[in-house]
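Hi everyone, thanks for making time this morning.

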Amino acid sequence: MTEETTRPITRTPDQAIDPIFAERWSPRAFTGEAVPEAELLRMFEAARWSPSSYNSQPWRFLYALRGTPEWDAFFDLLVPGNQKWAEGTGALVFLVSNSRMKVGDEFKPSASHSLDAGAASLAFALQANRQGWHVHGMGGFDRERAVTVLNVPEHHRVEAAYGVGRATPWADLTEEQRAKERPNARRPITDFTFRGGFPQRQD
Ligand SMILES: Cc1cc2nc3c(=O)[nH]c(=O)nc-3n(C[C@H](O)[C@H](O)[C@H](O)COP(=O)(O)O)c2cc1C
């Protein structure tokens, strides 16, 4: 990440962790710069090394580069609220997972295909940051139409979409845009970690 894209207000983790985790964030303003395919492939390479059940590697990344014939079809799947900021991204990615895995000679349902794809998605996003790009995830797209438009096979689940691009430098943002780029916070780890199991049933 370059100095000029870094937001002036940074997140401060409660524990000593590698800065890469708190530095990742989802911009809502992108410059419109195209993402070279070679750059995107490096991000997919990081995803490639993610762990998965039985090493089944159920993630599938479908992508369109800005300025190429596939772009419009990908972009049209996004809900209008996401199109607003995603029009400045340089690549659009849909993450799909295969819900079946091969164990021996048999195909079996995977209990963790979405979890495995999620692991790959974070590797992808963190690598993008390391390369100076940003990734913004989206659940807001037409899932039914995505299956058709993207030729998604049976036994596959469309997990999420991602806009990848160059975050607009802080200096170039309007006040309104800056307000939207304020870093969000997280619950403390005491809210979601429990030694010995849940203290009491929460349902
Ligand atoms: C699966 C998934 C779906 C998301 N869907 C949307 C979306 O449709 N629109 C949007 O603007 N942000 C979306 N986000 C971004 C989240 O709101 C964001 O990651 C979260 O608020 C944490 O902020 P940060 O990424 O800046 O740390 C999504 C993120 C994920 C992982």
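Let's begin with Arg-166, which is partly exposed because its relative accessibility is 23%. On this scale, buried means under 20% relative accessible area, exposed means over 50%, and partly exposed lies in between, with a 1.4 Å probe and protein chains only. Before I go on, please keep in mind that this is a predicted model: local features need pLDDT of at least 70, side-chain atom pairs count only at pLDDT 80 or more, and totals for chains, interfaces and linings use all residues. Residues are numbered from 1 along each chain as its sequence is written, and side-chain values use heavy atoms, with hydrogens and water left out.

So what does the side chain of Arg-166 meet in a salt bridge? The partner is Glu-33, at 3.0 Å from N to O. By salt bridge I mean a side-chain nitrogen of Lys or Arg within 4 Å of a carboxyl oxygen of Asp or Glu. This pair links distant parts of the chain, 133 residues apart: Arg-166 sits in the loop between β6 (156-165) and α7 (175-180), and Glu-33 in the loop between α1 (19-23) and α2 (37-48). Those labels are DSSP runs numbered from the N terminus, with helices being H or I of at least four residues and strands being E of at least two. Glu-33 is partly exposed too, as its relative accessible area is 34%.

Asp-142 is partly exposed at 32% relative accessibility, and Arg-145 is partly exposed at 37%.

The other one joins the side chains of Arg-178 and Glu-175, at 3.7 Å from N to O. Both residues lie in helix α7, 3 residues apart, which is about one turn of the helix. Are they buried or exposed? Arg-178 is buried, with a relative accessible area of 19%, whereas Glu-175 is exposed at 57%.

Now have a look at Trp-71, in helix α3 (residues 71-76). Trp-71 counts as buried because its relative accessibility is 9%. Leaving aside neighbours within four places in sequence, Trp-71 is in contact (heavy atoms within 4.5 Å) with several residues, including Ala-64, Leu-65, Thr-89 and Leu-92. As for Glu-144, which is 73 residues away along the chain, its C-alpha atom is 18 Å from that of Trp-71.

Let's zoom out to the whole chain. The secondary structure comes to 7 helices and 6 strands, and along the sequence they run α-α-β-α-α-β-β-β-α-β-α-β-α. With 203 residues, a compact globule would have a radius of gyration near 17 Å, and the chain agrees with that at 18 Å. That radius is taken over C-alpha atoms, and the globule rule is 2.2 Å times the number of residues to the power 0.38. Buried residues make up 40% of the 203. Among contacts between residues at least 6 apart in sequence, 75% join residues at least 24 apart.

That's my tour, and I'm happy to take questions.
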